[in-house]
Amino acid sequence: MVIRMADTISFARGAPSLDIIDVDGLKEAAARAFSNDPGGATAYGTSIGYVPLRKWIADQHGVEPEHVLVTNGSMQADAFLFDEVVQQGDAVVVERPSYDRTLLGLRQRGADIRAIELEPDGIDVAGFAALLESGVRPKLAHIIPNFQNPAGYTLSGGKREALLGLAREHDFVLFEDDPYVELRFSGERLPTMLSMDTGEHVVYASSFSKTVCPGIRVGYLVGPPELIARISKRATNTYISPNMVAQSIVYEFCQSGAIQRSIETVKAALADRVEKLSDALERHLPDARFVAPEGGYFMWVTLPEGTDVATMFTEAAARNVQFVKGTDFLLEGGHNTLRLAYSGVTADQIDEGVRRLAEAYQSSVGATASAGAGA
């Protein structure tokens, strides 16, 4: 494949490239959905979601179906949970950095957002404990435990235990937002906090956007039945029922085993892309500091202090390469950071894309130096 300068290379969007989506498998699943259950696929259904898919999800997590609500994507699940749990002025703990849409949703609800530093093995639990000891009483803590968006970091087993202990002691909801869990391509899989919880302090969310395809827009919540029932009423009042066609297709895709084949395809591609991205950064942009993820879609890159990534962003756009500024995922600071999504670029685009990023970086450094000299 010949890549021309005019071709846009995007490290911005957290979505799989078309070449790793099982389009044929989805076609077959759709055909089975309409053949096997035309009534269920085409009806309004109920707010809990497509019943066979709800049971399939419950079985995967070892819970009864009344613990599960299937939604139109995991962002809808997040919104329902926030609306049910978070009131104006409530303290909510997030990771620093955190998913930009989470920050937006919490801001819109008037939450008192408390950001705790994210470390390569997950949130700074000691910092979280210190916040609690200071008297802050959060209603909810939002944690992305596996291959975090935007950083790509994974929460260690010890920190999972520690977070559960804090949730029990201080009685807050531990929101385990876990859309990337199945996309581990190296290292050891860790148990979910949901599976480790002996009480009812964890609410878990995930999505089929990363394992099936983004356009399917199917996500879900797992939590205490009483909370799920309240959110189900909220869902009824919002849309009567979610998308039954999409959910019935996902069910057929899952129960046939196609989802496991899809996951293996995606993981192999992502592992190759991370290796190529790491190698390209080391060669073309040696000033970059990063931790190569063990799964997921994203890599967090830190450049030397004083780097103006906003200027670099403009320089990169002029070279037809895209990324997301780190400041988008932070309440403050992070002007020398950026997120690179490697899921949507093909392997042969990565080296050229990083070469353009390195040019943009050098140009931004020159522009910053010139501005400083002028001052």
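Predicted model: local features only at pLDDT ≥ 70, side-chain atom pairs only at ≥ 80, totals over all residues.
**Exercise 1.** Work out how helices α6 and α7 are oriented to each other, and which residues make their contact.

*Solution.* Start with the axes: those of α6 (residues 125-133) and α7 (residues 157-170) come within 10 Å and cross at roughly 10°. Next, recall the cut-off: angles under 35 degrees count as roughly parallel. The two helices, α6 and α7, are therefore roughly parallel to each other. Now look at who touches whom: α6 brings Val-125, Phe-128, Ala-129 and Leu-132, while α7 brings Lys-159, Ala-162, Leu-163, Leu-166 and His-170. Sorted by class, this contact has 7 nonpolar, 1 polar and 1 charged residues.

**Exercise 2.** Classify the aromatic pair of Phe-80 and Tyr-239, and decide whether each residue is buried or exposed.

*Solution.* First, take the geometry: the ring centres are 5.7 Å apart and the planes stand at 75°. Planes over 60 degrees apart count as edge-to-face, so this pair is edge-to-face. Then find the partners in the chain: Phe-80 belongs to helix α4 (residues 74-85) and Tyr-239 to helix α9 (residues 225-239), 159 residues apart. Finally, check accessibility, where buried means under 20%. Phe-80 has 3% relative accessibility, so Phe-80 counts as buried. Tyr-239, with a relative accessible area of 16%, is buried too.

**Exercise 3.** Describe the aromatic pair of Trp-56 and Phe-208, and find the cluster that holds these residues.

*Solution.* Begin with the rings: they lie 6.4 Å apart centre to centre, with 45° between the planes, and the pair is tilted. Both Trp-56 and Phe-208 are buried.

Conventions:
Residues numbered from 1 in each chain as written. Heavy atoms only, no water. Axes fitted to C-alpha atoms, helices over the stretch in contact; angles between N-to-C directions. Helix = DSSP H or I, 4+ residues; strand = E, 2+ residues; numbered from the N terminus. Parallel < 35°, antiparallel > 145°, perpendicular 65-115°, else oblique. Contact = heavy atoms within 4.5 Å. Nonpolar A, V, L, I, M, F, W, Y, C, P; charged D, E, K, R; others polar. Phe/Tyr/Trp six-rings, centres within 6.5 Å; stacked < 30°, edge-to-face > 60°. Buried < 20%, exposed > 50% of the residue type's maximum accessible area, 1.4 Å probe, protein only.
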